[in-house]
Amino acid sequence: MLVLVAPGQGAQTPGFLTPWLELPGAADRVAAWSDAIGLDLVHYGTQADADAIRDTAVAQPLLVAAGILSAAALGDISPDAVAGHSVGEITAAAFAGVLDDTSALGLVRKRGLAMADAAAVTVTGMSALLGGDPETSVAHLEKLGLTPANINGAGQIVAAGTLEQLAALAEDKPEGVRKVVALKVAGAFHTHHMAPAVETLAKAAADLDPADPKVRYVSNKDGRAVATGAEVLDRLVGQVANPVRWDLCMETFKELGVTALIEVCPGGTLTGLAKRALPGVATLALKTPDDLDAARALITEHAGA
């Protein structure tokens, strides 16, 4: 049984889209998406520096475009389940046929702009906690006024809040936490700081006509499989200001009997979590087109079990 997953913000690196645009038709496809959403995805994916692609309004459409493009390069595949981390849920919605590619890119463009506007109200950020007991860490974060915005499993929780609160966390780590790492994001996503973006995104979603998922769509709100397009869209809107429960998604993968996990471009983060939390599950991260042959072999062996 194969699950196809899409990473969230922070996975982007300068120039990561460059090799993918060398595939037949890819550059034209991305150029058309750029025209449709008013953002030069080709430039940002090939020439822009780390600071430029850290911008929420840029990073989010860039990640969704890369995810859709790299999945399409695999050919006509039928995963047994799909899921995405944070903004990767929009990528997963495209995989599942809930939204067509252009609608997904249009929605994520509005999401990124709305979240960037919300983040501009107060200077905020996010930091990953590595190691430690989840309950102990969550209690410590709440004491400091921080939100456990991503509970990722495999010993990782991401805290979100003001820079002052995050600085206090770096000085006062929860018991058992090995390291606190600042993330390449420009806001406290999946917290109350993003509440203004929810209303904007709800209005954007109201103009869409989602289809029901063609494959099992696992939501990172609670790890549940969602059966209707309307509920997928509703969850995409609400998740902007609520914690990501990737740990529960991986629990669902385990319950489903998933035997292989492929993470679309720019892969690496979610496969790393899966290696620790899902022992025995084959994993592959699509970083460049050089990974496509290995991914196709994995698909042949595991999809449709």
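1. Two strands count as paired if DSSP finds at least two bridges between them; strands (E, at least two residues) and helices (H or I, at least four) are DSSP runs, numbered from the N terminus. The model is a predicted one, in which local features need pLDDT of at least 70 and side-chain atom pairs count only at pLDDT 80 or more, while totals for chains, interfaces and linings use all residues. Residues are numbered from 1 along each chain as its sequence is written, and side-chain values use heavy atoms, with hydrogens and water left out.

2. Strands S3 (residues 124–131) and S5 (residues 156–162) are joined by seven bridges in the antiparallel sense. Within this pair, Ala128 faces Val158 of S5.

3. Both strands belong to an open, antiparallel sheet of four strands, ordered S4-S5-S3-S6. Its edges are S4 (147–153) and S6 (177–182), each of which pairs on one side only.

4. The largest pocket has a volume of about 410 Å³, the space filled by probe spheres set on grid points joined across faces, edges and corners. A pocket is an open set of points on a 1 Å grid over the protein atoms alone, where a 1.4 Å probe fits, with protein on both sides within 12 Å along at least five of seven lines; lining residues have an atom within 4 Å of a point.

5. Of the 24 residues lining the largest pocket, Gln9, Gly10, Val158, Leu183 and Thr269 are the closest to its centre. The elements giving two or more residues to this lining are S3, S4, S5, S6 and helix H12 (269–277).

6. The second largest pocket has a volume of about 350 Å³. H4 supplies the largest share of its lining, three residues.
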